[in-house]
Amino acid sequence: LAKTTQPISMDSYEGQEVNITCSHNNIATNDYITWYQQFPSQGPRFIIQGYKTKVTNEVASLFIPADRKSSTLSLPRVSLSDTAVYYCLVGGSSMYSGGGADGLTFGKGTHLIIQP
Amino acid sequence: DTGVSQDPRHKITKRGQNVTFRCDPISEHNRLYWYRQTLGQGPEFLTYFQNEAQLEKSRLLSDRFSAERPKGSFSTLEIQRTEQGDSAMYLCASSLTGDTGELFFGEGSRLTVL
C-alpha cells in the first residue's frame with residue numbers, strides 16, 4: 001500500500017497559482033495518482049489523475065517526475081471557491097483488475113485556504 | 001439528477017439501535033463503494049462491490065457493519081447495535097469497471113448516535 005504525505009494546510013490568495021505536493025515514495029509500477037477535492041458536508045470530487053509526466057484538464061494540472069515518488073497538483077488562478085480539502089491517492093492497479101482496494105485510501109488531505 | 005444519491009441524509013438514533021443507509025449509484029456504474037468519514041479525517045474505505053459481488057469487506061469496522069447489493073443496483077449499509085463512536089458521515093461512491101480511478105460520490109448520510 002503506497003502511503004502518501006501531504007502538507008496539512010496551505011494558504012494563498014485569489015488569482016495566485018497554487019501547487020500542492022504529495023509524496024509517495026513506495027509507489028508501485030502500475031499505480032496511478034489521483035487527486036480529489038472536498039468541500040464541507042459534501043462527498044469528494046475527482047479533479048485529475050495521472051501516471052507519469054504531465055496531465056492537464058480544465059481545472060488543474062498534475063506534474064509527475066520521472067521517478068514518480070511525488071506529484072504536484074497545480075491550480076491556476078485560484079478563487080475563494082477553491083477553499084477546500086485536497087486529497088492525493090495512489091494505487092488502484094490491483095483494484096482495477098478486480099483485486100484489492102489499495103487505491104481507495106484517503107489520507108488527511110491538504111486544507112487549502114484562499115484569501116481575498 | 002443522475003448522480004449518486006444517498007438516503008437518509010441525516011439520521012439520529014439512540015445507542016444500541018440498528019440503522020440502515022441506502023445508496024443508489026449512477027445507473028450504468030457497476031462498482032459501488034462505502035466510506036466512513038469522521039470530523040477532520042479523510043474518508044475511510046469500508047467495502048466495495050462489483051455488480052452484486054462484494055469484492056472487499058475486510059475493512060468493515062466490525063461485525064456490526066454489513067453491506068449488501070442484492071441486484072447489483074442500489075446498496076445498503078447496516079450498522080447493528082450502534083455505538084456513539086459510529087457517529088460519522090457515511091459516503092457512497094460509484095464507478096465503472098475499467099476506469100482508473102474516478103469515483104463519483106454522493107452527498108453522504110450523517111449519523112449521530114446519542
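**Exercise 1. State whether B:Cys23 is buried or exposed, and describe the disulfide to which B:Cys23 belongs.**

Solution. B:Cys23 is buried because its relative accessibility is 0%; buried means under 20% relative accessible area, exposed over 50% and partly exposed in between, with a 1.4 Å probe and protein chains only. This is a predicted model, in which local features need pLDDT of at least 70, side-chain atom pairs count only at pLDDT 80 or more, and totals for chains, interfaces and linings use all residues. Residues are numbered from 1 along each chain as its sequence is written, chains are lettered from A and ligands numbered from 1 in the order in which they are written, and side-chain values use heavy atoms, with hydrogens and water left out.

Next, take the partner. B:Cys23 forms a disulfide (a pair of cysteine sulfur atoms within 2.5 Å) with B:Cys92, with an S to S distance of 1.8 Å. The angle about the S-S bond is -70°, and this link is left-handed. The pair connects distant parts of chain B: B:Cys23 is in strand S3 (residues 19–24) and B:Cys92 in strand S9 (residues 88–95), 69 residues apart. Strands (E, at least two residues) and helices (H or I, at least four) are DSSP runs, numbered from the N terminus. B:Cys92 is also buried, with a relative accessible area of 0%.

**Exercise 2. Find how many disulfides the structure holds over all chains, and describe the one that joins A:Cys22 to A:Cys88.**

Solution. The count over all chains is two. A:Cys22 and A:Cys88 are joined with an S to S distance of 2.2 Å. Their link is left-handed, with -80° about the S-S bond.

**Exercise 3. Work out which residues of the largest nonpolar core touch the most other members, and which elements supply the core.**

Solution. A nonpolar core is a set of buried Ala, Val, Leu, Ile, Met, Phe, Trp, Tyr and Cys residues joined through side-chain atoms within 4.5 Å. The largest one has 20 residues, and those touching the most other members are A:Val18, A:Ile33, A:Trp35, A:Ile47, A:Leu73, A:Leu75 and A:Tyr86. Elements of chain A giving two or more residues include S2, strand S3 (32–38), strand S7 (70–75) and S8. S8(A) gives the largest share, four residues.

Now look at A:Ile33. Apart from neighbours within four places in sequence, its contacts (heavy atoms within 4.5 Å) include A:Ile48, A:Leu62, A:Ile64 and A:Cys88. A second, separate core has 19 residues, among them B:Cys23, B:Ile26, B:Leu60 and B:Ala67.

**Exercise 4. Give the strand order of the open four-stranded sheet in chain A, and explain why its edge strands each have one side without a neighbour.**

Solution. The order is S2-S7-S6-S5, with antiparallel pairing; two strands pair if DSSP finds at least two bridges between them. S2 and strand S5 (53–56) stand at the edges with a single partner strand each, so one side of each lacks a neighbour in the sheet. S2(A) and S7(A) pair over six bridges, and A:Val18 has A:Leu75 in S7(A) as its bridge partner.
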